[in-house]
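Q: Please take a close look at the aromatic rings in this structure. How are they paired, and where do charged side chains sit over them?

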Amino acid sequence: MAACSRGLVAPPFDLTARGATHWPQPAQCRRAIQCFCRAEPEPRRSLSKAAAVGPERTEEWRIDGNKPAAAAGGRRRTSLTAMPSLPFSSPRSRRQSKQQEFYPRCTPRGPAPQSRDTPPKRDTGIASEKEWGINLLDEAVKESGTNEDGSTWCRESGEDLGENGYRCRWARMGGQSHDGSTEWKETWWEKSDWTGYKELGAEKSGKSGEGDSWWEKWKEVLYQDEWSNLARIERSAEKQAKSGAENAGWYEKWWEKYDAKGWTEKGAHKYGRLNEQSWWERWGEHYDGRGFVLKWTDKWAETDLGTKWGDKWEEKFFAGIGSRQGETWHVSPSGDRWSRTWGEEHFGNGKVHKYGKSTTSESWDLVVDEETYYEAEPHYGWADVVGDSTQLLSIQHVERPPGVFPTIDFSASTPPSDEPPGMPPSPL
């Protein structure tokens with residue numbers, strides 16, 4: 001399929017359901033899955049060990065859908081798989097400095113800006129400051145032109161000022177072909193005010209002559225929480241792409257939130273479609289900085305014929321005591337539903353209660369001797385995000401006159417809740 005060859009769409013997980021070999025799959029689904037398998041492999045967020053249940057549960061349904069794991073008697077580890085060094089959109093030569101990269105595109109002294117029409121890549125998470133290479137100029141620029149092939153370009157930069165010491169420095173650039181069939185746009189900005197708020201961001205979009213289109217937004221923010229007086233850093237990314245040749249496209253939203261005492265929240269929402277198939281994936285992680293951790297994943301897929309299937313799990317732990325639970329399910333076009341649920345209770349004394357059942361009369365309920373393992377701290381935390389946010393931290397705000405103090409609007413935010421968000425129900 002054209003979408004597979006261009007890399008615009010590929011499903012985030014194997015759309016065949018694990019652990020239920022009696023589930024029939026439509027022939028057209030199997031053909032689509034074969035196309036998906038030819039796409040470039042991508043990193044997955046997965047459980048590295050099976051959730052040990054009863055003897056009846058013989059393999060684990062992983063997000064990557066490729067490696068069944070033994071389920072009985074094993075330890076269960078929750079983690080993010082290491083993400084390889086993937087090229088972000090618009091790669092640049094390592095030999096050029098930022099000034100050399102920026103000035104030829106964004107000053108009147110240079111030629112037309114280089115095309116930035118590379119679509120975003122799926123499952124690459126939140127890019128770093130270095131990957132975006134944002135470099136704003138102090139001088140105002142506004143110009144446009146026409147290239148020898150008839151394509152046009154434009155660029156401008158400026159600064160906006162507002163109340164409470166608000167300052168926004170920005171730059172915009174873009175271009176299009178002579179007939180308008182292809183185009184690209186990109187905007188960079190940095191914001192600050194007297195409260196200590198700082199923001200660095202970028203947004204880009206484009207379309208190709210084949211009708212493909214894409215959009216991407218990236219942002220990181222530093223501010224002081226009004227209720228705790230702690231410094232916080234938040235990073236986010238939104239990406240989407242759509243095929244012009246068929247009913248195919250995808251959307252992703254990623255976010256990370258950190259504070260100076262170790263409180264951390266991470267998550268992602270994903271959606272994709274390829275002709276008659278659609279899929280969704282949501283996951284979240286919450287660390288309160290005092291030892292409590294909540295992790296969950298919910299993913300499901302469906303076809304236009306009415307077949308639906310999915311998998312979800314959740315774990316909560318504190319001081320070695322906690323629980324895990326999950327469900328794998330399938331609904332046929334006629335409405336017949338199959339499901340298998342499982343759970344674990346960890347008592348902190350080397351004993352684990354495991355239980356589960358399915359709609360095909362499977363069941364187990366036993367207590368076993370087993371080590372409890374979970375990750376009470378994020379693999380990437382406050383110290384890491386501070387070290388990777390040097391450009392954000394270096395943003396300069398407008399000098400505040402003596403005797404003038406910033407206005408803080410407490411109504412703009414709500415006190416943080418001690419109750420972390422839970423795993424949402426799957427749409428059946």
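A: The model is predicted. The count of aromatic pairs comes to six. One of them joins Trp254 and Trp283: the ring centres are 6.2 Å apart and the planes stand at 75°, which is over 60 degrees, so this pair is edge-to-face. The pair links distant parts of the chain, since Trp254 belongs to strand β8 (residues 248–259) and Trp283 to strand β10 (residues 277–287), 29 residues apart. Trp254 and Trp283 are both buried.

Another pair is formed by Tyr271 and Trp280. Here the centres lie 5.4 Å apart with the planes at 45°, so the pair counts as tilted. Tyr271 is partly exposed, at a relative accessible area of 31%, and Trp280 is also partly exposed, at 23%. Ring pairs connect Tyr271 and Trp280 with Trp300 in a cluster.

The charged end of Arg172 sits over the ring of Trp170, at 4.2 Å from the ring centre. The charged end of Arg232 sits over the ring of Trp263, also 4.2 Å from its centre.

A further arginine, Arg273, is part of strand β9 (residues 264–274). Its relative accessibility is 17%, so Arg273 counts as buried, the cut-off being under 20%. A polar atom of the Arg273 side chain lies 2.9 Å from the backbone oxygen of Asn275.

Methods. Residues numbered from 1 in each chain as written. Predicted model: local features only at pLDDT ≥ 70, side-chain atom pairs only at ≥ 80, totals over all residues. Heavy atoms only, no water. Helix = DSSP H or I, 4+ residues; strand = E, 2+ residues; numbered from the N terminus. Buried < 20%, exposed > 50% of the residue type's maximum accessible area, 1.4 Å probe, protein only. Polar contact = N/O pair within 3.5 Å; in protein donor to acceptor, adjacent residues only side chain to side chain. Phe/Tyr/Trp six-rings, centres within 6.5 Å; stacked < 30°, edge-to-face > 60°. Lys NZ or Arg CZ within 6 Å of the ring centre and 35° of its normal.
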